[in-house]
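I open these notes to record what I looked up, entry by entry, in the structure shown below.

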Amino acid sequence: MTCIEIRDLHACIDGRPILKGVTLSLSVGEVHAIMGPNGAGKSTLSHLIAGRPGYEVTSGTIRYDGRDLLAMTPEERACTGIFLAFQYPVEIPGVSTATFLKTAVNAQRRFRGKTEIDAMQFSKLIKEKAEKLGMNNDMLRRSLNVGFSGGEKKRNEILQMAMLEPRFAMLDETDSGLDIDSLKIVASGVNALRSAERAFLVITHYQRLLEYIVPDYVHVLAEGRIVCSGNKELALELEAGGYAPFTTHACHAS
Amino acid sequence: MTTSFTNSAVPSEESLLQFWRDDQANQSSWVADFRRRGYARYSELGGIPTPKIESWKYTDITRFKRALYRPSIERGILSSFIWPSQDGLLTIPGPQFVLVNGRFAPQLSSSAFSDGLIVQSLEEALRYDEDLKVRLLSPEKVPAMAALNAAWLGEGLVVRFKANTTENHIVHVVLISTNTIGKYPIVTHPCIVVIAEGHATLIESHVGLSAALTNMVSYLHVEPNATLTHVRAQSGFSETHTICSSTATVASRGLYQCFVLTTGLGLVRNELAVTLAEAEAECRLYGAYTADSNRHVDNTIVMNHVAPATTSRQIFKGVIDDGGRGVFQGRISIHPEAQKSDGHQIHRALLLSPGAEAYCKPELEISADDVKCTHGATAGELDEETLFYLRARGLDAETARALLIESFLSDVVNGVSLGLPRLPDVTRAMISVWLAGRVPKHEDF
């Protein structure tokens, strides 16, 4: 079942074209990886899907579960199951990770017409999920991401994903700045969430992450377009040969 | 028709003379002399301060010259009142002493107070308490608004905390401004004197229930080794304006710590002069305020380090929305004999709209060479990146802004309990009330 369908998407930032005709379709149960050189538009694509202000879509469509995604506010997108794990998660002094997450969980529950989560139940749930990501109670009580290492911030993103249980999750270079142990923990967190009800879009520069989060499909985004799509073998090919062949020629790997 | 008391906030000489004649309760020659000296000082300084005076550059109160105000002369006018629900400070246990339009209202106040605590109306105390007279600054030494207060001397309260217990005495002083008769708003001149020994806490709530101007003076004396914790909360009706001139004197190893929370009232000026008079005296000041739609909040601090090894900290944060104005003037003055002293001051303003205004004027005057003294000031907007992050987690734009405002104020709110565990919660609740009441003026992205 198609979860998200992007058709011929063109988008600009400050009048500068970044996406120049992206077409991509993901079904639930699938994990897609997007790779590509710096400046290709990978992060732009994920932020645009999440609803970041400042992008101008000049043509094309995004359908999300049959709805016009581009007409939805960022919070509507989040509340209907879109999640973006940020490459640079923000810090919020004075608001604990637990308080922040409870606010987010309840905002989403209210949107769906559900009652707020019971405080005891929430506390139990978050501890359980945090423990699996190697995050202790102290981290949940500390101000959101303040004084967290790069790895801790990324784990925190995965914790939020686990608590919010999105339908379509995007990971924007979650592997950047991670040591190998953190990478494994983050990957196992993602793998635990893989399900027939959920689609993933994993954005990365490096094949390494894809050894741990094995994708069903790999796409190469270059110069604002998907220039090549294939299975997980494509990632290995990219690792060996770099992006150069894909930015100038048509794709032959699939 | 106007009554003979109808006047502007600036009294004419006749109205003062009439008040002095009529005020039967305060007829001692000492009081009469003090009032005359107060009025002489006020006149000598040119009356109500104008923005031409440096320390009043950003706060223009000359409108009070034109507005008609009625001095409050009636007593015992309120038999009960409904406490505004947004102020949760009274949930902190402790006896309550209420001033209605500056006058002590025993019928609204606690009668039982513990050993080691003496609370009296100022006019009563002036009759018997010789020591009190030296606790007031001479009218010749005070600025214009405090001199005007001196000309009306008689309203107010004296709170003496005695050192004979180790217990933290918590006392509530509630100042209510309400107009019960006549069409003119009232002007009041309360004077609050606090003498703290031991471990004392004063929770001062300013509540505006109708149009009024409060021109208050307070004298805070922190005796050797004593701690005075002072919470001042200003909330309520925006037609109520408050000008407070406070003087705190801290003796050796004494600590004066104060948290000023302003979430309501119209024009507010909190002027505070602290003198760290003896060695190792310490002062910590925290302030959180909101200003919006024609509300004006001014905190003006003068921190005098007069003795060696004295320490001061000031941290003030303001959230300013469309039409609001925040002013912070902070001077740290380190005198030549105040070696090894340490003064620090910071003011941060969060501007929620292009129509928000913040003025900050730090001044350091350092006349000793072995000291630490720093200041910092910023004014900024909510971070768009952070707002997007929160919305991408499902928070709507208003909830996201509220969370970021809470975060901005957190170091003065969460960080400051001042030995009152409920204070951060009460403060957060008062800020939430302000947030909920403010009309969203921002377009969504």
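Predicted model: local features only at pLDDT ≥ 70, side-chain atom pairs only at ≥ 80, totals over all residues.

**Entry 1. Overall form of chain B.** I looked up the secondary structure of chain B and found nine helices and 22 strands. I then took the extent of its C-alpha atoms along the principal axes, and they fill a box of roughly 70 × 60 × 45 Å. I asked what radius of gyration a compact globule of 445 residues would have. The value would be near 22 Å, and chain B has 21 Å, so the two agree.

**Entry 2. Interior of chain B.** I looked up burial and recorded that 53% of the 445 residues in chain B are buried. I also examined contacts in chain B with a separation of 6 or more; 84% of them join residues 24 or more positions apart.

**Entry 3. A helix pair in chain B.** I turned to helix α7 (residues 384-391) and helix α8 (residues 397-413) of chain B, whose axes come within 9 Å and cross at roughly 125°. The angle lies between 115 and 145 degrees, so I class α7(B) and α8(B) as oblique to each other. I recorded the crossing as right-handed. On the α7(B) side, the residues that meet α8(B) are B:Thr386, B:Leu387, B:Leu390 and B:Arg391. Their partners in α8(B) are B:Ala397, B:Ala400, B:Arg401, B:Leu403 and B:Leu404.

**Entry 4. Where the chains touch.** I looked up the contacts between chains and found 19 residues of chain B in contact with 22 residues of chain A. Which elements give two or more residues to the side of chain B that touches chain A? They are α7 and α8 of chain B. Of the elements on that side, α8(B) gives the most, with six residues.

**Entry 5. A helix pair in chain A.** I examined helix α3 (residues 97-111) and helix α6 (residues 150-164) of chain A, which pack at an angle of about 35° with their axes 10 Å apart. I noted a right-handed crossing for α3(A) and α6(A). From α3(A), I listed A:Thr97, A:Leu101, A:Ala104, A:Val105 and A:Gln108, which meet A:Asn156, A:Gln160, A:Met163 and A:Leu164 in α6(A).

**Entry 6. Helix α4 of chain A.** I checked the length of helix α4 (residues 119-132) of chain A: at 1.5 Å a residue, its 14 residues should span 20 Å. The end C-alpha atoms are 20 Å apart, which agrees. After α4(A) comes A:Gly134, for which I recorded a positive phi, near 70°.

Note on methods. Residues numbered from 1 in each chain as written. Chains lettered and ligands numbered in written order. Helix = DSSP H or I, 4+ residues; strand = E, 2+ residues; numbered from the N terminus. Expected span 1.5 Å × (residues − 1). Rg over C-alpha atoms; globule rule 2.2 N^0.38 Å. Buried ≥ 20, exposed ≤ 12 C-beta atoms within 10 Å, placed from the backbone. Contact = placed C-beta atoms within 7 Å. Axes fitted to C-alpha atoms, helices over the stretch in contact; angles between N-to-C directions. Parallel < 35°, antiparallel > 145°, perpendicular 65-115°, else oblique. Left-handed = near helix turned anticlockwise from the far one by under 90°.
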